[in-house]
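Biologist: I have a model on my screen and would like to learn how to read it. Can you take me through it feature by feature?

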Amino acid sequence: MNKKIAIIGSGFSALSASCYLAKNGNSVSVFEKNDTVGGRCRQLKKEGFTFDIGPSWYWMPDVFDTFFADFDKKTSDYYQLDKLSPAYKIFFKDEVITIGDTLDKICEEFDRIEPGSSIALKKFISKAQTHYDIAINKVVLKPGVSPFELVTKETVSRVDQFFKTISGDVRKHFKNPKLISTLEFPVLFLGAKPSSTPSFYSFMNYADFGLGTWHPKGGMYEIIKAMKTLAKSLGVTIHTNSPVSKINVTNKKATSIVVNDKTLEFDIVLSGADYHHSETLLDQQYRQYSEKYWSKKTFAPSSLLFYIGFDKKLKNIQHHNLFFDTNFETHAEDIYDNPKWPKDPLFYANFPSETDASMAPKGCETGFFLIPIAPGIEDTPQLRVQYFDIIMKRFENLTRQNVTNNIIFKESFCVKDFIKEYNSYKGNAYGMANTLLQTAFLRPKLKSKKINNLYFTGQLTVPGPGVPPALISGKLVAELITKHHKN
Ligand SMILES: Cc1cc2nc3c(=O)[nH]c(=O)nc-3n(C[C@H](O)[C@H](O)[C@H](O)COP(=O)(O)OP(=O)(O)OC[C@H]3O[C@@H](n4cnc5c(N)ncnc54)[C@H](O)[C@@H]3O)c2cc1C
């Protein structure tokens, strides 16, 4: 293949696709609207503090290894990866659960909370491991072209796992509400309620308890830096500050894109920007999905985020911390069923400087706080302040310390920023959820049905939200392009 290919956006999926397509001999140009690459995974550096703006959980290390191995590289060629021990802490109203770095340690913790529960846990994780092997080695590697892709010996014998839910499954085996919340947490990465997520997705529990939580020294942005270096070494040209404002089409063929008022011609166009936005770059008749289609889909939450520099080390925290001291069902209703600001939100906080001294000045702490909220809801400075106060009070109580007087600076990011920075549909943080009706061939397609040489990748298409799926999405679309455009 020797095609001139334009890629819109520079998130994980776009960078991944750029590497595979360049390796196959194409001339690849990436156009990113922002001044740095990485999409949702950018970096904020301020007064000696380093923040990952978006993703912070490095799960499924095998997927990253496979990506770099496809180019005869190793992750260690680019960044140092450390397994976190413990993986994370969960704060409940009256108790803290610590998730260790091995299944044995986690079993001990489960038995402490509910004697004997480790027996059920081992069985649950063993089944989750089987699901992981099928999902990662078979299901997610399919391009979502046809329903028959899902029909394999392994999936047919587990068809019930697509119709039962994680929530039901967990409750069948565990009675303690804290253990139930602990086991339901990983599927939140898929963007929907556990009661709307098929049991098959318990493979996320294996990713969590089986494979563990890792940290690239220097933060998640190190992965982006690695991919940029790799892409450039393969000959990819990267243009930042280059928003694409139009995809021109003639006779069902994308002929050119408009970037900063210049028209640039290409053989193939691939968009790694949010799918909904990408289609708005086309004239109406070339769009595949209507506004009504998008409005009916279940989107992953948006988020209210705070990036905070503290002038001291904080106590009683780990690198990753979940604050599950309020009712998750009520918060989930406020995200999915009746979108509004949650009264008592759950939240998540990470302090990468707990395990990685390079992330903060000496004696200081880098803090990232996240409240999941419904996409598209009102976002005002007053609401941001109100919710900052709510979570800081809870944080201080649960970790038994005062921190508000130790804040050097704080920055926030919410619905309006997701729209402005990433052209995100309704300000979603991480794409379209993986529910039964939004899985595999039921998701928006990698290839346009209306334009022969236009493709899409990223968290709104297959396989779905998250960094590992984005890496896979880039590979899948590159394979599809290669298959369709062999010389
Ligand atoms: C706060 C937050 C926390 C998260 N936590 C985790 C986590 O811990 N672990 C995990 O695995 N995943 C996590 N995720 C999800 C993960 O970050 C995403 O699924 C993934 O990064 C999406 O990559 P992508 O390639 O689909 O798109 P994006 O990263 O959104 O990239 C799209 C790019 O397109 C650009 N663009 C848009 N419009 C145009 C245009 N017209 N012209 C040019 N460029 C354009 C955007 O600027 C952006 O750079 C998190 C996401 C967020 C937001």
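Biologist: Which order do the strands of the open sheet of 7 strands have?

Modeller: First, the ground rules. This is a predicted model, where local features need pLDDT of at least 70, side-chain atom pairs count only at pLDDT 80 or more, and totals for chains, interfaces and linings use all residues. Residues are numbered from 1 along each chain as its sequence is written. Now the general idea. Strands of a sheet pair through backbone hydrogen bonds, either parallel or antiparallel. Strands (E, at least two residues) and helices (H or I, at least four) are DSSP runs, numbered from the N terminus. Two strands pair if DSSP finds at least two bridges between them. Here the order is β7-β6-β15-β16-β17-β14-β18, and the pairing is mixed.

Biologist: Which strands stand at the edges?

Modeller: β7 (96-99) and β18 (407-413). Each has a single partner strand, so one side of each is left without a neighbour in the sheet. Neighbouring strands here are turned by 20° against each other on average, direction ignored. Axes are lines fitted to C-alpha atoms, for helices over the stretch in contact, and angles run from 0 to 180 degrees between N-to-C directions.

Biologist: In which sense do β6 and β15 pair?

Modeller: Parallel, over 3 bridges, with β6 at residues 88-91 and β15 at residues 320-323. Find Phe91, and you will see Phe323 of β15 opposite.

Biologist: What is the order in the open sheet of 5 strands?

Modeller: β9-β2-β1-β13-β19, with parallel pairing. β9 (237-239) and β19 (454-456) are the edge strands; each has a single partner, so one side of each is left without a neighbour in the sheet. The twist averages 20° from one strand to the next. Inside this sheet, β1 (residues 4-8) runs parallel to β13 (residues 268-271), joined by 4 bridges. Ile7 has Leu270 in β13 as its bridge partner.

Biologist: How many residues lie between the strands in the hairpin of β3 and β4?

Modeller: 2 residues. Glu47 takes a positive phi near 45° in this hairpin. β3 (residues 43-46) and β4 (residues 49-52) run antiparallel, with 4 bridges. Lys46 stands opposite Phe49 in β4.

Biologist: Which residues touch the most other members of the largest nonpolar core?

Modeller: The idea first. A nonpolar core is a set of buried Ala, Val, Leu, Ile, Met, Phe, Trp, Tyr and Cys residues joined through C-beta atoms within 7 Å. A residue is buried if 20 or more other C-beta atoms lie within 10 Å of its own, exposed if 12 or fewer, and partly exposed in between; C-beta atoms are placed from the backbone. In this model, the largest core has 144 residues, and Ile7, Val269, Leu270, Phe347, Phe369 and Val477 touch the most other members. α16 gives the most to this core, with 9 residues. The core draws at least three residues from each of domain 1 (4-41 + 53-79 + 218-296 + 432-484) and domain 2 (107-211). Those domain bounds come from an automatic or database domain assignment.

Biologist: Is Thr182 buried or exposed?

Modeller: Thr182 is buried, because 27 other C-beta atoms lie within 10 Å. Thr182 sits in helix α8 (residues 177-184).

Biologist: What is the phi of Asn251?

Modeller: Positive, about 45°, although Asn251 is not a glycine. Asn251 lies in the loop between β10 (244-250) and β11 (253-259). Asn251 is exposed, with 7 other C-beta atoms within 10 Å.
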